[in-house]
Amino acid sequence: MALKCASVFTFIALWGFALSITRYSVPEEMEAGSFVANLAADLSLDIRSLEERNAKLDVVHSKNYLDINKDTGELIIREKIDRESICVTKTTSCFLKMDVILSNPVRIFNIELEIMDINDNAPVFRRKAMHLDVSEATPPGERFSLTNAVDADVGANSVKTYYLSESKYFSIDIQTGSDGSKYVDLVLNVNLDREEHAVHNLILTAVDGGVPPRSGTASIIINVLDINDNAPLFSQSVFAVNVSENSAVGSVVMTLNATDLDEGTNAQLMYSYTLYTSEKTQELFSLDPHSGEIKVKGVIDYEDSQNFEMYIQAQDRGTNPLSGHCKVMVFVTDLNDNYPEVTIKSLKRSLAEDVSVRTLIAVVSVSDRDSGENGEVKLTLDRQETLPFLLSKSSEGYYELLVSKPLDRELISKYDITLIVTDRGLPPLSENETITLEILDVNDNAPMFSQSFYTIHVVENNPPGALLTSLSALDPDLNENQYLVYFIMEKEIVNTSMSMLFSINPENGDLYALKTFDYEREREFLFHIEARDSGVPPLSSNVTVHIVIQDQNDNTPSIVSPWRVHGSVVEEVIPRSTEKGHLVAKVVAIDADSEQNARVTYQLLQISDSTLFSLDQYNGEIRTTRMFSHRDPRQQRLVVVAKDNGEPALSATVTIKISTVEHSMTFLETTELPLEYEVFTNLNLYLVIGLGAVSFLLLITILVIIVLKCQKPKPKAIKIPPANRNSMISQRSSTIADSTLISSDAYWYSLFLAETRKGKVVMRQPIIPKGAGYFVSSIPRSIGPSETTDSRASTLEQEPRKGLQ
């Protein structure tokens with residue numbers, strides 16, 4: 001009690017110490033190591049006791065910005081303090097709370113450090129650039145709202161005023177909000193003229209009230225919107241241009257370009273002839289109303305007319321359209337009016353893609369009826385740099401078209417070769433001729449599969465003829481060089497050909513299974529499929545196919561122990577003096593499936609007294625949960641279900657009838673032979689006796705099986721248990737139904753140990769049904785797709801295992 005009171009007084013004392021608060025104030029951004037206060041003096045502490053009492057600084061809800069110098073007792077800055085990062089909200093007061101903790105005895109001092117603001121942040125605009133659209137018709141005095149600046153500092157260090165760069169058109173008006181924030185409006189002072197000044201670039205500056213003051217800027221971009229107040233204007237009132245006779249229709253004579261100082265639709269111009277332009281001129285020349293381009297429309301003949309006059313206007317698309325006018329004088333010159341000619345003398349329309357370089361394609365001749373420079377011609381290939389062809393001059397006026405690079409039909413199957421002939425007249429005239437050359441296919445590409453290895457998963461019990469997958473290869477060649485045939489490359493697995501197990505459609509590569517697969521017998525197959533084209537010679541490629549058989553829950557668990565005739569009840573006799581935890585029986589079931597489908601668990605489906613027996617769901621052991629009382633019936637009935645973990649789950653049941661007898665009757669009913677524990681002190685001797693009895697029973701079982709095989713016809717094939725599992729298979733006479741007794745040395749050894757109690761060893765003599773035979777088979781682990789039914793079945797003929805080693 002005294003101890004509790006002392007603890008209470010100590011706590012009250014410490015609480016009193018913690019209530020006192022010491023306050024300091026420092027400006028933010030002080031350098032690391034700066035002095036804050038002398039804690040030893042302010043808290044009346046001995047400097048030597050700071051180290052002895054392990055003085056430490058605990059900052060509440062913040063980073064440790066400060067430290068204690070235990071040699072001097074000073075509170076110093078450990079790291080620069082940024083007031084804006086500690087106090088996110090814009091408040092005038094910002095405190096950093098911490099505790100100074102001393103040990104032996106414990107004392108706590110509360111310290112509040114006020115972080116005073118300095119002008120370390122400049123004003124910042126939320127938008128660095130503000131865009132305004134103002135019509136040039138806007139009257140003076142119009143106001144436009146601008147984005148205000150913000151400053152992370154507080155008080156006098158926040159935004160104080162704004163300044164605008166010099167402008168005769170605009171000024172600013174500063175407003176103050178209820179919270180003291182400064183807002184600014186832009187005011188138009190004089191009328192705008194877009195043609196004089198289309199864009200106004202201003203700088204808005206925000207200045208805070210710190211010492212020295214800081215500032216931030218934002219640009220204001222004002223676009224002046226246009227009104228239609230300017231008429232179109234040509235660069236000159238009269239234009240003169242020369243045109244050669246026989247100019248090609250569509251030839252450009254000249255392009256008019258009037259200008260309009262306005263913009264938008266007010267500056268979009270439409271060109272047209274006026275009534276002063278003659279109809280003949282309009283028949284020979286066309287005027288593009290949008291671009292102002294004048295082109296030759298008819299045949300111009302110098303002997304017919306030497307000049308033409310055009311009167312043209314340009315009109316804008318404003319609401320009230322304005323227009324400008326000009327005159328175009330066209331003078332016709334008598335120049336080169338004959339076009340050169342190109343003639344194909346010899347031509348190959350097609351070539352195989354494997355022809356050699358310098359192969360002749362065509363012989364071309366060129367001519368021009370003009371004379372002098374106007375009759376001198378030059379032949380060229382259009383887009384010469386992209387074509388695998390060249391022109392070689394063989395003689396005067398003759399050229400050879402040759403192959404200059406290897407051809408590849410898979411890249412380009414057809415070429416349009418344009419020959420251009422040009423004379424040296426002023427202006428030069430030209431003519432062109434296009435040759436179409438087809439590239440013929442050669443079988444130079446082997447079929448290609450999309451991948452080099454295919455893994456195909458097939459669930460067992462598939463129907464024969466089921467489509468497994470479709471394998472397709474691609475061949476970029478043509479016709480018969482592209483027609484592919486698929487077939488399985490022959491491979492035998494234990495005298496079984498792959499073509500007996502699988503089939504492939506030679507035309508489309510559909511792969512089929514020819515038989516129903518059993519996961520318990522076959523696990524996987526590995527073979528190759530070849531795709532071959534029909535070219536001469538044929539080309540081919542192959543792909544590896546890996547068939548993986550997947551397990552299906554198609555085998556029901558089989559209860560192999562305790563043995564019973566199908567449909568009958570298994571009887572067990574135990575003394576009533578059996579203690580708690582006694583092994584009554586062990587249910588063993590096997591499942592021919594694998595993995596989850598073969599995991600068997602046990603459950604009690606029915607039980608006479610649920611308080612008397614328990615069943616281990618994993619090993620199937622049935623044990624007593626208490627001792628028998630005089631009120632318990634002498635007979636108990638249990639129904640145990642063995643269920644696998646497949647989807648859906650399969651199960652089997654066994655009924656066990658347990659009879660209890662007095663200890664004196666046990667020997668007569670179960671033929672148990674009690675032996676004194678002291679006689680056999682070595683447990684290995686028990687094992688030798690038990691395993692010897694089991695070996696004897698197995699030998700008798702084999703002899704019975706041999707006799708039955710000699711007397712009766714060969715029974716139907718027994719379903720083979722899966723690989724990688726030790727299985728016990730029983731063969732019986734036809735008088736016994738489908739029940740199976742499958743045993744193992746480990747099981748008999750577990751029964752042998754279960755009957756040992758209270759210093760005595762009891763050996764149970766099992767009742768063997770007449771005509772039943774037994775043998776044990778060890779099925780080796782699967783060795784892959786090369787294992788066949790015959791090789792697996794041969795393991796059943798191995799001799800039984802000997803006893804446990």
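**Briefing: strand pairing, local geometry and confidence**

Thr 380 stands opposite Ile 420, a residue of strand 30. The model that contains this pair is predicted. Its average pLDDT is 79, and 81% of the residues score at least 70.

**Strands around strand 30**

- Ile 420 has Asn 432 as its bridge partner in strand 31, while Thr 380 stands opposite Ile 420.
- Between strand 30 and strand 31 there are 6 residues, and the two strands form a hairpin.

**Aromatic pairs**

- The structure holds 11 aromatic pairs.
- One of them is formed by Phe 389 and Tyr 415, whose ring centres are 5.2 Å apart and whose planes meet at 85°, so the pair is edge-to-face.
- Which parts does this pair tie together? Phe 389 belongs to strand 28 (residues 389–395) and Tyr 415 to strand 30 (residues 414–423), so the pair links parts that are 26 residues apart in sequence.

**Strands around strand 23**

- Strand 23 (residues 323–333) pairs with strand 17 (residues 238–244) in the parallel sense, over 7 bridges.
- Within strand 23, Val 330 is the bridge partner of Val 241.
- Strand 22 (residues 307–316) pairs with strand 23 in the antiparallel sense, over 9 bridges.
- Lys 327 in strand 23 stands opposite Tyr 311.
- Strand 22 and strand 23 form a hairpin, with 6 residues between them.
- In a regular strand, side chains alternate between the two faces of the sheet.

**Backbone geometry in loops**

- Most residues other than glycine have a negative phi, and most peptide bonds are trans.
- The peptide bond that joins Asn 104 and Pro 105 is cis, with omega about -5°.
- Pro 105 is placed in the loop between strand 6 (95–102) and strand 7 (107–116).
- A cis peptide bond also leads from Ser 561 to Pro 562, with omega near 5°.
- Pro 562 lies in the loop between strand 43 (558–561) and strand 44 (570–575).
- Glu 29, a residue other than glycine, has a positive phi, near 65°.
- The loop that holds Glu 29 runs between strand 1 (21–27) and strand 2 (35–38).

**Surface patch**

- Phe 696, Leu 699, Ile 700, Leu 703 and Ile 706 form a nonpolar patch on the surface.
- Together these residues have about 480 Å² of accessible area.
- Leu 699 is found in helix 8 (residues 683–711).

**Confidence**

- The protein averages a pLDDT of 79, with 81% of the residues at 70 or above.
- Over residues 664–681 the pLDDT is below 50, and this stretch has 33 contacts in the model beyond near neighbours in sequence.
- Residues 714–805 also have a pLDDT below 50; beyond near neighbours in sequence, this stretch has 202 contacts in the model.
- Where pLDDT is low, the predicted coordinates should not be read in detail.

Key. Residues numbered from 1 in each chain as written. Predicted model: local features only at pLDDT ≥ 70, side-chain atom pairs only at ≥ 80, totals over all residues. Heavy atoms only, no water. Pairing = 2+ DSSP bridges. Helix = DSSP H or I, 4+ residues; strand = E, 2+ residues; numbered from the N terminus. Patch = residues over 30% accessible without salt bridge, like charges linked within 9 Å, V, L, I, M, F, W, Y side chains within 5 Å. Areas by Shrake-Rupley, 256 points an atom, 1.4 Å probe, with all protein chains shown as cover. Salt bridge = Lys/Arg side-chain N within 4 Å of Asp/Glu carboxyl O. pLDDT = per-residue confidence, 0-100. Contact = heavy atoms within 4.5 Å. Phe/Tyr/Trp six-rings, centres within 6.5 Å; stacked < 30°, edge-to-face > 60°.
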